[in-house]
Amino acid sequence: MPVFQFNPPDRFVAGTVGQPGDRTFFLQAVGEGRITSVVLEKAQVEALATRIEELLEEVHRRFGAPPDETAPPEDDAPLEQPIEQDFRVGTLALAWDAEAARVIIEAQELDETAGDDDVEDDDEELEVFAEDAPAHRDVLRVYLTPGAARAFAGRALKVVSAGRPDCPLCGRPLDPNGHICARQNGYRPDRLV
């Protein structure tokens, strides 16, 4: 199983390429002269960031404040060039290494041969640390200090929310070319007779 391992990375961020409504989401790890970029869905980025914050709160509750909890400076820089997709993420795993006091994030390649019935709930995918992954899938594994993990989660949530604004009536994303809102149902108040 090819494993792209960064322990620790020089940089690990979530980012996008493209315009809102047509963005491709990436996780990108940089270190030791390598750049690994993997593609994933917006919902996966949001779930990962949320679960990292929950994991760190649970660690703090159980073990007290872990060392290295200070966050590095905010990283608002774009993704490193060239952005070449190494693989598309199917499963994300999240774990806490108590000995090293590190958050471990693992992104496993999507199994293109699996049918739709092999797809699991997002929360379920984040629960399991994929130690027994099939040998033919690529894996990105990143070890982060608690501070770096918190900084990653903060940036990831900003990237997710930087998309299209939501319609104030139905909550669905507004397109630049207009929006057909189900809540209006063809009714416009300026057309009263």
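Helices and strands here are DSSP runs, helices of at least four residues and strands of at least two, numbered from the N terminus. Everything shown comes from a predicted model.

**Figure 1. The second largest pocket, with S2 and H3 in its lining.** S2 and H3 each put at least two residues into this lining, and H3 gives the largest share, with six residues. In total 19 residues line the pocket, and those nearest its centre are Phe-12, Pro-72, Asp-75, Ala-148 and Ala-151. The space inside comes to about 360 Å³. Sort the lining by type and you get 10 nonpolar residues, seven charged and two polar.

**Figure 2. Phe-4 stacked with Phe-87.** A search of the whole structure turns up two aromatic pairs, and this is one of them: the ring centres sit 6.3 Å apart, with 25° between the planes. Phe-4 belongs to strand S1 (residues 3-6) and Phe-87 to strand S5 (residues 85-97), so the pair links distant parts of the chain, 83 residues apart. Phe-87 is buried, at 2% relative accessible area, while Phe-4 is partly exposed at 22%.

**Figure 3. Phe-12 stacked with Phe-152.** Because Phe-12 lies in strand S2 (residues 11-17) and Phe-152 in helix H3 (residues 146-161), the pair ties together parts 140 residues apart in sequence.

**Figure 4. Arg-34 over the face of Phe-6.** A simple view, this one: Arg-34 lies 4.1 Å from the ring centre of Phe-6.

**Figure 5. The salt bridge between Arg-11 and Asp-75.** The structure holds 11 salt bridges. In this one the side chains meet at 2.6 Å, N to O. Arg-11 sits in strand S2 and Asp-75 in the loop between helix H1 (42-63) and S5, so the bridge ties together parts 64 residues apart in sequence. Arg-11 is buried, with 10% relative accessibility, whereas Asp-75 is partly exposed at 25%.

**Figure 6. Glu-58 in salt bridges with Arg-61 and Arg-62.** The closest N and O atoms are 2.6 Å apart for Arg-61 and 2.7 Å apart for Arg-62. Arg-61 is three residues from Glu-58 in helix H1, so about one helical turn separates them; Arg-62 is four residues away, again about one helical turn. Glu-58 is partly exposed at 27%, while Arg-61 is exposed at 60% and so is Arg-62, also at 60%. Elsewhere, shared partners join Arg-11, Asp-75, Glu-80 and Arg-155 into one salt-bridge network.

Terms used: Residues numbered from 1 in each chain as written. Predicted model: local features only at pLDDT ≥ 70, side-chain atom pairs only at ≥ 80, totals over all residues. Heavy atoms only, no water. Phe/Tyr/Trp six-rings, centres within 6.5 Å; stacked < 30°, edge-to-face > 60°. Buried < 20%, exposed > 50% of the residue type's maximum accessible area, 1.4 Å probe, protein only. Lys NZ or Arg CZ within 6 Å of the ring centre and 35° of its normal. 1 Å grid on protein atoms, 1.4 Å probe; cavity = no way out; pocket = protein on both sides within 12 Å on 5 of 7 lines; lining within 4 Å. Points joined across faces, edges and corners; volume = space filled by probe spheres on them. Nonpolar A, V, L, I, M, F, W, Y, C, P; charged D, E, K, R; others polar. Salt bridge = Lys/Arg side-chain N within 4 Å of Asp/Glu carboxyl O.
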